[in-house]
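Please keep the sequence and the structure in view while reading.

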Amino acid sequence: WIHAILAKKGYGIMSWDARAHGESAGEISTIGYLEVLDVKAALDYVLAQPGVEHVGAWGGSMGGATLIRAAAAFPEIEALFIDSSFASLDDEFDFLVPYPIVNPLAKYIAQIETGVNINEINPLKDIALISPRPVYIVHGTADTVAPPDAGQKLYEAAGEPRFLWEAENVRHLMIYLDNPGRYQRRLLGFFDEWLLGK
């Protein structure tokens, strides 16, 4: 649906499956660590196309966390719209596995399986590096996949310009379905202003 909204408005769209997701190859997801390289490959491809003057990005859930990390590293991403991201992988584990004995074991296994220190996947730290480029954060307070307070944490860590839309009693990635008209207006308004200067 995001693709349709943006394409209908005349934006060019580049979309991809992250490694080990959808139709992409790969055995292991690193939950936003190596996936930044997937963003870089997509970004390089887009910037090599004729007529591309500005690049914005939308990401949801793990894709949102990945794009926060990528935007911190790649200034070519000029505006970022994030829906239902976690604030840090450590927080995410604490939220999904809130059991004192199982939690450290789950973190240990995840690090062994991926070869990645979970403390290095920290969008909360990375989002502060994006300013002065704008970030729009969308989060439902009834999220059961990412911590419900992740949107507020990311907003507080971000530099200006920053925007936050929290929806009460809305679950993970469901704000669009809860209010599609408002979501469309805010998404398009954000990119129109910050990419096109309208």
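Aspartate 126 and arginine 69 join their side chains in a salt bridge, at 3.4 Å from N to O. The pair links distant parts of the chain, since aspartate 126 lies in helix α6 and arginine 69 in helix α3, 57 residues apart. A salt bridge is defined here as a side-chain nitrogen of Lys or Arg within 4 Å of a carboxyl oxygen of Asp or Glu. Side chains of opposite charge can pair when their charged atoms come close. Aspartate 126 is buried, with a relative accessible area of 10%, and arginine 69 is buried as well, at 15%. Buried means under 20% relative accessible area, exposed means over 50%, and partly exposed lies in between (1.4 Å probe, protein chains only).

The model is predicted: local features need pLDDT of at least 70, side-chain atom pairs count only at pLDDT 80 or more, and totals for chains, interfaces and linings use all residues. Residues are numbered from 1 along each chain as its sequence is written, and side-chain values use heavy atoms, with hydrogens and water left out.

## Other salt bridges

By the rule given above, the count comes to 8 salt bridges. In one of them, the side chains of aspartate 94 and lysine 107 meet at 2.8 Å, N to O. Aspartate 94 belongs to helix α4 (residues 89–96) and lysine 107 to helix α5, so the pair ties together parts that are 13 residues apart in sequence. Helices (H or I, at least four residues) and strands (E, at least two) are DSSP runs, numbered from the N terminus. Aspartate 94 is partly exposed at 35% relative accessible area, whereas lysine 107 counts as buried at 14%. A network of salt bridges links Asp90, Asp94 and Lys107.

Another salt bridge, of 2.7 Å from N to O, joins aspartate 44 and lysine 40. Both residues lie in helix α2, 4 residues apart, about one turn of the helix. An α-helix has 3.6 residues a turn, so residues three or four places apart point the same way. Aspartate 44 is partly exposed at 39% relative accessibility, and lysine 40 is partly exposed at 29%.

Helix α3 (residues 62–73) has 12 residues and reaches 17 Å from its first C-alpha to its last, close to the 16 Å expected at 1.5 Å a residue. The expected span is 1.5 Å times one less than the number of residues in the helix. Helix α3 is mostly covered, with 9 of its 12 residues buried; among them are Met62, Leu67, Ile68 and Arg69. The buried residues of α3 pack against α2 (35–47), β1 (56–60), β2 (79–83), α6 (123–126) and α7 (150–157), where contact means heavy atoms within 4.5 Å.

Helix α9 (residues 180–195) has 16 residues that should span 22 Å, and its end C-alpha atoms are 22 Å apart, which agrees. Its buried residues include Tyr183, Phe190 and Phe191. The elements that cover the buried residues of α9 include α1 (2–9), β1, β2, β3, β4 and α8.

## A covered strand

How many of the residues of strand β3 are buried? In β3 (residues 135–140), 6 of 6 residues are buried. In a regular strand the side chains alternate between the two faces of the sheet. Both faces of β3 are covered, with Val135, Ile137 and His139 on one side and Tyr136, Val138 and Gly140 on the other.

Strands β2 and β3 pair in the parallel sense over 4 bridges, and isoleucine 82 stands opposite isoleucine 137 in β3. Strand β3 also pairs in the parallel sense with β4 (residues 162–167), over 6 bridges, and glycine 140 stands opposite alanine 167 in β4. Two strands are said to pair if DSSP finds at least two bridges between them.

## Features of the loops

The loop between α6 and β3 holds proline 132, and the peptide bond from serine 131 to proline 132 is cis, with omega near 15 degrees. Leucine 129 lies in the loop between α6 and β3 and counts as exposed at 53% relative accessibility. The bond from glutamate 160 to proline 161 is also a cis peptide bond, with omega near -5 degrees.

Asparagine 169, in the loop between β4 and α8 (175–178), has a positive phi of about 60 degrees although it is not a glycine. Asparagine 169 counts as exposed, at 70% relative accessibility.
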